[in-house]
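Subject: Structure for your review

Dear colleague,

Please find below the structure that I am handing over to you. My notes on what was found in it follow directly after.

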Amino acid sequence: MAIRRKLLGGCAALWGLTQSALTQASSMNLRPGVTETSQEAYELHMLVIVIMTVIAVIVFGAMFISILLHRKSKNPTPATFSHSTKLEIFWTAIPALILVGLSVPAVKLLIKMEDTSGADMSVIITGSQWKWHYKYPDYDIEFVSNLATPWETINQHKGANGELDENYLLEVDNEMVIPAGKKIRLLVTADDVIHSWWVPDLAVKKDAIPGFINETWTMTDKPGIYRGQCTELCGKNHGFMPVVVRVVEQQEFDAWVEEKKAEKLAAQKAAEEAAAKSWSLDDLMAQGEKAYATNCGTCHQVNGEGVPGAFPALKGSPIATGPVEKHIELVIHGPASKKMPGFAYLSDADLAAIITYERNAWGNNTGDVVQPADIKAYRAGN
Ligand SMILES: [Cu+2]
């Protein structure tokens, strides 16, 4: 009786172990994703795993059986045969056939992944240190997508409630939105260094290379939010430029397009109004602090002290405390060294606020006030 109970207990324990091993394995496994290509890639991967396992069992089985049955203690005088041409042809031909057999579905899927023909719409994705820029040429929409996790959370490695949010480092201010059930052509490039746009659930991973436009596509019927990251080491904040794709039904997408267009018009109007009015130093400083943190803080640091050897301090910087014109020129066009991107795409008001902020924060106390009108005048003259 006791033995039977022990045996049963052992079986149960073994079963439990197998279960937990399987769950472990599935959490380590490739994910099936939400597109046809991602699912086909997953199935192909599983097929290869099965074939690999069978081969491993046969090869290691043969090896261990030989070691066991033909060990020295059992066979003091070894056999003297060597070579078997037939066997050698056999074990060269079989793996070759397996490889050729596997290459057929693999190449088919690769060709399918590369085939961007018949797309319903395009999105141009541009990587730059350290954000993504999305442009919808069919709808005349474009925007920049920045990491939304606050820097305090990152620096302290805990959120306001003491814990990290589920989407820590995987959240952005502007998601890329696409309609479900439509073939989306993705044109991927970069401004500065090589980045790579990667969303595992879509099985899309495409290098973003300055001067090249790489093409790929995606299509899913499943609305949802899919997250990814830059996956090409692109500098100090490589880990801080996530990708978030929101897939919505066509109707919702149309509404989003309208909303973005309205936003753009409103922003244009607000920018015109902001550019037309004269700002107080306090207003410029408040606006500048925010815009600086979003656009410049990743490199020059929020405290203006920069990163020695990589990004110059703006606190006491000769440019931030020197002639205003040179400061405006550098921020709009970037330096000749190209080590910093130009920020011409920011609004006159944001640029004026940032530049005023840099000239008066961290003890730079130049007292200079740069108005949006100054930026406008600079742009008109250059
Ligand atoms: Cu990157």
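K277 lies over the face of W279, at 4.6 Å from the ring centre. A charge sits over a ring here if NZ of Lys or CZ of Arg is within 6 Å of the ring centre and within 35 degrees of the ring normal. A further case is K183, whose charged end sits over the ring of W217 at 4.3 Å from the centre of that ring.

Please note that this is a predicted model, in which local features need pLDDT of at least 70 and side-chain atom pairs count only at pLDDT 80 or more, while totals for chains, interfaces and linings use all residues. Residues are numbered from 1 along each chain as its sequence is written, and side-chain values use heavy atoms, with hydrogens and water left out.

Aromatic rings

Rings of Phe, Tyr and Trp (for Trp, the six-membered ring) are taken to pair if their centres lie within 6.5 Å; planes under 30 degrees apart count as stacked, over 60 as edge-to-face and the rest as tilted. The count by this rule comes to 14 aromatic pairs. One aromatic cluster is formed by Y134, Y136, Y139, F143, F253 and W256.

The copper site

Which residues coordinate the copper ion? They are H195 through ND1, C230 through SG, C234 through SG and M241 through SD, at 2.0 to 2.6 Å. Donors are N, O and S atoms within 2.8 Å of the metal (3.2 Å for Na, K and Ca); water is not among the atoms, so sites may look incomplete. Along the chain, the donors of the copper ion follow the spacing H-x34-C-x3-C-x6-M. Helices (H or I, at least four residues) and strands (E, at least two) are DSSP runs, numbered from the N terminus.

The arrangement is tetrahedral because the four donor atoms around the copper ion subtend angles of 92 to 129 degrees. Four donors count as tetrahedral if all angles lie between 85 and 135 degrees. For reference, the ideal angle for four tetrahedral donors is 109.5 degrees.

Both C230 and M241 are buried. Buried means under 20% relative accessible area, exposed over 50%, and partly exposed in between (1.4 Å probe, protein chains only).

The sheet

Five strands form an open sheet in the order β3-β2-β1-β5-β8, with mixed pairing. Its edge strands are β3 and β8 (214-218), each of which pairs on one side only. From one strand to the next, the twist averages 25 degrees; axes are lines fitted to C-alpha atoms, for helices over the stretch in contact, and angles run from 0 to 180 degrees between N-to-C directions. Two strands pair if DSSP finds at least two bridges between them.

Strands β1 (residues 121-128) and β2 (residues 131-136) run antiparallel and are joined by five bridges. The bridge partner of I124 in β2 is K135, and S128 stands opposite K131 in β2. A hairpin of two residues joins β1 to β2.

Strand β2 is also joined by five bridges to β3 (residues 141-145), and these two run antiparallel. Here Y136 has I141 in β3 as its bridge partner. The hairpin of β2 and β3 has four residues between the strands, and in it D140 takes a positive phi near 60 degrees.

Loop residues

W130 is found in the loop between β1 and β2. A cis peptide bond, with omega of about -5 degrees, joins Q129 and W130. With a relative accessible area of 6%, W130 is buried. The C-alpha atoms of W130 and H238 are separated by 6.6 Å, although these residues are 108 apart along the chain.

L169 lies in the loop between α4 (151-156) and β4 (176-179). Its phi is near 65 degrees, a positive value in a residue other than glycine. L169 counts as buried, at 16% relative accessibility.

The loop between α9 (348-360) and α10 (372-381) holds N364, and W362 lies in the loop between α9 and α10 as well. N364 is buried, with a relative accessible area of 7%. W362 is buried, with a relative accessible area of 19%, and has a positive phi near 55 degrees in a residue other than glycine.

Yours sincerely

Definitions and conventions: Tetrahedral: all angles 85-135°; square planar, octahedral: opposite > 155°, others 65-115°.
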